[in-house]
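This report describes a single protein chain and its side-chain contacts. The sequence and the structure are shown first.

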Amino acid sequence: MEIEEKQLEPVQSKAPGGMLPATGGETDTLSQLPPSDTGEAEWRQVANKTTDFLAELPEYLTSFFQGNQRSLTNLALILSAIITFKVVIAILGAINDIPLLEPFFELIGIGYFAWFSWRYLIKTELRQELNHKIRLFKQEIWGE
């Protein structure tokens, strides 16, 4: 295997008209660059706009929250309910993985349902008593 070495030749860029520039020196390419002050001025403009925005950001956020307070509260309640539901499901899943605990809880549920049915659903007077208790509970929660 033989390695060939090639000499690198300088590449000249073409002018916008497709012709090579008249003088091929480095001074021509440097003179075509914009002055460095314009970049700094643009940078300062961007920095000034950014600092102005950040200075007014608390006012923007305050007006946004005041305008959308009810919907943001509803959104927060919905998200917290979803998170709570997922945590409860995870806890119940972990408890159900314990041997003999799931059937024990099922027996407790069946027993409570049987007691509740016997206590409140068999006779008319007891159903009216349950209805009265539910109305009192609603009044405590929601008011009159």
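How many helices and strands does the secondary structure of the chain come to? The chain has five helices and zero strands, where helices (H or I, at least four residues) and strands (E, at least two) are DSSP runs numbered from the N terminus. Read from the N terminus, the order of elements is α-α-α-α-α.

**Basis and confidence**

The model is predicted: local features need pLDDT of at least 70, side-chain atom pairs count only at pLDDT 80 or more, and totals for chains, interfaces and linings use all residues. Residues are numbered from 1 along each chain as its sequence is written, and side-chain values use heavy atoms, with hydrogens and water left out. The pLDDT, which is the predictor's confidence in each residue from 0 to 100, averages 82 over the chain. A score of at least 70 is reached by 73% of the residues. Among the elements, the lowest mean pLDDT, 56, belongs to helix 1 (residues 26–32), and the highest, 94, to helix 3 (residues 69–96).

**Annotated spans**

The unreviewed UniProt entry lists residues 72–92 and 104–122 under "transmembrane region". UniProt positions are given in the numbering used here, feature names are shortened, and such annotations may be inferred rather than shown by experiment. In the model, residues 72–92 are 100% helix and 0% strand, with the end C-alpha atoms 30 Å apart. For residues 104–122 the content is 95% helix and 0% strand, and the end C-alpha atoms are separated by 26 Å.

**Surface**

The chain exposes about 14100 Å², of which carbon and sulfur atoms supply 64%; accessible areas come from the Shrake-Rupley method with a 1.4 Å probe, and for residues only the protein chains shown count as cover. Of the 144 residues, 2% count as buried, a class defined by under 20% relative accessible area, with exposed meaning over 50% and partly exposed lying in between (1.4 Å probe, protein chains only).

S117, in helix 4, counts as buried because its relative accessibility is 17%. A polar atom of the S117 side chain lies 2.9 Å from the backbone oxygen of F113. This is a polar contact, that is, a pair of N or O atoms within 3.5 Å; within protein, one must be able to donate a hydrogen and the other to accept it, and residues adjacent in sequence count only if both atoms are side-chain atoms. L100 lies in the loop between helix 3 and helix 4 and is exposed, with a relative accessible area of 73%. Although L100 is not a glycine, its phi is positive, at about 65°.

**Salt bridges**

Side chains of opposite charge can pair when their charged atoms come close. A salt bridge here is a side-chain nitrogen of Lys or Arg within 4 Å of a carboxyl oxygen of Asp or Glu, and the count comes to two.

| Salt bridge | Closest N to O distance |
|---|---|
| E129 and R119 | 3.3 Å |

By contrast, E129 and K133 both lie in helix 5, four residues apart, which is about one turn of the helix. Together, R119, E129 and K133 are linked in a network of salt bridges.

Leaving aside residues up to four places away in sequence, E129 touches R119 and Y120, where contact means heavy atoms within 4.5 Å.
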